[in-house]
Amino acid sequence: MVGKRGPILITCQNPDCTYFQIEDGKNITKNGHNSAGNQQYYCHHCRRFFIETKNTPLYDSRLPRTAVLIIAKHSTEKTSIRGVSRVTGHHRDTISRYYHLIGEHAEKLNDYFIHDISAGDCEMDEIWEFVPKKNKNLLTTDSEELGDCWSYTCFKRDSGLFLAFESGKRNIDTCADMLVRFFNRMELPTPENKISIFTDGNVQYSICLPELYCEPCLDYGQVIKVKEKNKLVYVIREKIMGNPDSKAISTSVIEGYNNKIRQRLSRFGRKTASFSKKLNRFISALNIFQFVHNFIEVKSSHKSPAMLESITDHLWNWSEFLNYHVQF
Ligand SMILES: [Zn+2]
């Protein structure tokens, strides 16, 4: 007796198909398994076969799923690539290649899921690293990508959602790019439902923010830390736009999260030899961290930041993350 067939959840994964990643109107049937044991599908629109792992880091993988899963789990546990290589027995170039594939997948999912986030208190800060040497050691022949690398990060205060980041030089262009990404991912605020932004005393934010938000919709405050001989002397909480509550002007939450990034990504560790050799690998690592922090890790009451923001209704696991297909 033939059992009842379950619904087909996957959409067409052929980029040339008019129904590529489109749920409405898809016409797909199962079509056996390939030699690696992966389910094969057939799209009746483009008349092409595709494997269930297409457009995921598991596609065309020489390693079995369980091995990729173990490598992926190491990516946010501060293990160096050589360390993962010693533990798993796979070559360091293989580990690095999978990290990059997983990072690209995470970037796609971050763009797909993080949008229309409700207005609230958001904190922004910058975290320093270098790729693969510090500015003072740069040669005139070195690429512009190399040297000090600043990641502008933004977290939502209550839910802890890692909203956006942008990595590059410490200049107004990198700051503006992060703010545009942030702007596109948030709901438009109104005078009744304002957005609140808190940063350090970096003047780049006060130049860029008025380009995106008008004063009645934004409360913006800066925490300016005055130091003498590397010791904190006093803190000024300054209202820059709108009328934020002075007590609310703080960046302590994002400083904690940026510290979490340093604790969890080996390449962000201070005085380490695990620094990034290429900028794209550095960005991949941050994208993985962003997805894992938002969807897989618990913030409070068994809920992830993405659950607290109603982006998802459940706690994700690594397998679901690696196998996920975006669909529209
Ligand atoms: Zn198709």
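This is a predicted model: local features need pLDDT of at least 70, side-chain atom pairs count only at pLDDT 80 or more; totals for chains, interfaces and linings use all residues.
- Three strands make up an open sheet, ordered β1-β2-β3, and their pairing is antiparallel.
- At the edges sit β1 (28–33) and β3 (48–51), each of which pairs on one side only.
- On average, neighbouring strands of this sheet are turned by 30 degrees against each other, with direction ignored.

**Domains**

- The protein chain divides into domain 1 (1–54), domain 2 (56–113 + 265–328) and domain 3 (120–264).
- Between the centres of domain 1 and domain 2, taken over C-alpha atoms, there are 26 Å.
- Contact between these two involves nine residues of domain 1 and seven residues of domain 2.

**Nonpolar cores**

- The largest nonpolar core has 59 residues, and the ones that touch the most other members are Cys154, Leu163, Met178 and Ile197.
- Helix α7 supplies the largest share of this core, with nine residues.
- Leaving aside residues up to four places away in sequence, Met178 touches Tyr152, Cys154, Ala164, Phe165 and Glu166.

**Helix α1 and its cover**

- Four residues of helix α1 (residues 65–74), namely Val68, Ile71, Ala72 and His74, are buried.
- Why do they end up on the same side of α1? They cover an arc of only 160 degrees around the axis, and that places them on one and the same side of the helix.
- Among the elements covering the buried residues of α1 are α2 (81–88), α3 (92–113) and α9 (318–323).

**Val292 in helix α7**

- Val292 sits in helix α7, which spans residues 279–296.
- Is Val292 buried or exposed? Val292 counts as buried because it has 22 C-beta neighbours inside 10 Å, and the cut-off for buried is 20 or more.
- If residues up to four places away in sequence are not counted, Val292 touches Thr76 and Glu297.
- Val292 and Asn184 stand 108 residues apart in sequence, and their C-alpha atoms are 21 Å apart in space.

- Gln21, a residue other than glycine, has a positive phi near 60 degrees.
- Gln21 belongs to the segment before β1.
- Because 18 other C-beta atoms lie within 10 Å of Gln21, this residue is partly exposed.
- Asp116 is also a residue other than glycine with a positive phi, here near 50 degrees.
- Look for Asp116 in the loop between α3 and β4 (121–131).
- Asp116 has 11 other C-beta atoms within 10 Å, so Asp116 is exposed; the cut-off for exposed is 12 or fewer.

Technical notes. Residues are numbered from 1 along each chain as its sequence is written. Helices (H or I, at least four residues) and strands (E, at least two) are DSSP runs, numbered from the N terminus. The arc is that of the directions from the helix axis to the C-beta atoms. Two strands pair if DSSP finds at least two bridges between them. Axes are lines fitted to C-alpha atoms, for helices over the stretch in contact, and angles run from 0 to 180 degrees between N-to-C directions. A nonpolar core is a set of buried Ala, Val, Leu, Ile, Met, Phe, Trp, Tyr and Cys residues joined through C-beta atoms within 7 Å. Domain bounds come from an automatic or database domain assignment.
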